[in-house]
Amino acid sequence: MNFKGADILSSKQFNRGDIEAVLKMAGKALPYASKKKFGDLLKGKLLATLFYEPSTRTRLSFETAMIRLGGSVVSSVGTQGSSVAKGETLYDTGKMISTYADVIAIRHNEDNSADEMAHGSSVPVINAGDGCREHPTQALLDIFTIQQELGKVDGLKVAMVGDLKYGRTVHSLSEMLSHFNVKLTFVSPPELKMPEGVCRFLKEKNVPFTETVEFADSIKDADVVYMTRIQQERFAKKKDYEKHRNVYVLTSELIKEKNPKMLILHPLPRVWEITKDVDELPGAAYFRQAKSGLAVRMALLMMVLGKSF
Ligand code: NCD
């Protein structure tokens with residue numbers, strides 16, 4: 001992919017070379033992300049963050065990435081304060097905002113919302129989570145974290161656990177991992193299985209995967225266990241959420257018994273699915289993972305704006 005001027009909307013846009021280019025650039029961004037190096041590489045550039053859905057890490061890491069590289073940020077949070085509340089389409093908003101900003105990051109509760117904004121926008125649009133569909137920048141930072149922690153991605157067994165239906169991070173991550181030599185295990189209640197579209201994509205790419213409801217035994221030989229939150233806000237009935245929220249809970253006891261070496265990832269926020277005692281284990285990488293987001297988003301901003309370190 002030619003990154004300069006590109007929209008980042010879906011994992012499906014990426015081939016292996018594209019992913020590796022981002023990982024390489026993120027490696028170069030690390031000294032800036034960890035406040036060891038300072039520079040004005042994006043001076044004069046403006047990022048607009050349009051977050052119609054809640055976010056802490058994703059929005060703040062995009063904004064921090066931009067500001068630490070010398071750029072500036074304007075931000076709109078929620079729908080109430082924006083013209084969407086008056087009925088403006090995302091197409092029109094994109095068209096307008098691209099006359100102000102050089103790059104846009106959008107999060108919205110509708111599938112394909114980022115695509116709609118990108119149709120209107122004349123500057124790169126980055127999908128920071130569209131409904132239950134995709135979260136491609138999270139998948140890139142997940143893979144960057146795996147590489148940083150384990151030194152490789154090929155040859156690994158990765159188990160994804162929890163709400164695989166509504167959780168957009170696991171959709172993007174599975175599709176990105178299809179370019180590596182991995183074995184995937186999807187652990188979920190039957191009602192929250194990985195969507196058919198993602199499974200079809202993996203089959204077409206000949207990626208070996210299994211689906212199961214069984215938690216303890218599936219994590220036994222996994223190199224990476226990727227836990228996810230049951231996506232409360234996507235359930236029409238509270239009782240359906242309540243039914244699932246405590247089904248898969250990773251505790252330090254279970255890890256010690258089943259597989260003390262596993263690398264534990266989670267896109268965060270964590271709710272019930274990993275107990276706090278796990279945080280002390282060496283494999284608990286989820287806070288380091290969130291930190292990696294800064295380097296990866298620095299890399300993406302640099303690349304779509306046609307810059308290099
Ligand atoms: C995720 C998201 O928004 O999809 N959060 C994030 O960006 N790190 C995961 C979640 O909300 O469960």
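**Close-up 1. Strand β3 and its side chains.** Val103, Ala105 and Arg107 point one way from β3, Ile104, Ile106 and His108 point the other way, and all are buried. Buried means under 20% relative accessible area, exposed means over 50%, and partly exposed lies in between (1.4 Å probe, protein chains only). Strand β3 covers residues 103-108; six of its six residues are buried, so it is largely enclosed by the rest of the structure. Strands (E, at least two residues) and helices (H or I, at least four) are DSSP runs, numbered from the N terminus. This is a predicted model: local features need pLDDT of at least 70, side-chain atom pairs count only at pLDDT 80 or more, and totals for chains, interfaces and linings use all residues. Residues are numbered from 1 along each chain as its sequence is written, and side-chain values use heavy atoms, with hydrogens and water left out.

**Close-up 2. The neighbours of β3.** Strand β1 (residues 46-51) pairs with β3 in the parallel sense, over five bridges. Strand β4 (residues 125-130) also pairs with β3 in the parallel sense, over four bridges. Two strands pair if DSSP finds at least two bridges between them. Look at Ile106: Leu50 is its bridge partner, and Asn127 in β4 stands opposite Ile106. Now find Ala105, also in strand β3. Ala105 has 0% relative accessibility and counts as buried. The C-alpha atoms of Ala105 and Thr49 are separated by 4.8 Å, yet these residues are 56 apart along the chain.

Close-up 3. The side chains of Glu63 and Arg59 meet in a salt bridge (3.2 Å, N to O). A salt bridge is a side-chain nitrogen of Lys or Arg within 4 Å of a carboxyl oxygen of Asp or Glu. Both residues lie in helix α2, four residues apart, about one turn of the helix. Glu63 is buried at 10% relative accessibility. Arg59 is buried too, at 19%. The structure holds 18 salt bridges.

**Close-up 4. Salt bridges elsewhere.** Arg229 forms a salt bridge with Glu233; their closest N and O atoms are 2.9 Å apart. Arg229 is buried, with a relative accessible area of 18%, whereas Glu233 is partly exposed at 45%. Glu242 and Lys238 meet in another salt bridge (3.4 Å, N to O). Lys238 is exposed, at 58% relative accessibility. Salt bridges that share partners also join Asp217, Lys220, Glu257 and Lys258 into one network.

**Close-up 5. A positive surface patch.** Lys35, Lys36, Arg68 and Lys291 form this patch. Patch residues have over 30% relative accessible area and no salt bridge; like charges are joined within 9 Å, and nonpolar side chains (Val, Leu, Ile, Met, Phe, Trp, Tyr) within 5 Å. Arg68 is found in helix α2 (residues 57-68). Arg68 is partly exposed, with a relative accessible area of 31%.

Close-up 6. Lys35 lies in the loop between α1 (16-33) and β1. Lys35 has a positive phi of about 60 degrees although it is not a glycine. Lys35 is exposed, at 53% relative accessible area. Asn206, in the loop between α7 (196-204) and β7 (209-212), also has a positive phi of about 60 degrees and is not a glycine. Asn206 is exposed at 67%. Pro269 is in the loop between β9 (263-265) and α10 (286-304). The peptide bond from Leu268 to Pro269 is cis, with omega near 5 degrees.

Conventions
Areas by Shrake-Rupley, 256 points an atom, 1.4 Å probe, with all protein chains shown as cover. Lys, Arg positive; Asp, Glu negative; His and termini not counted. Charge placed at Lys NZ, Arg CZ, Asp CG, Glu CD.
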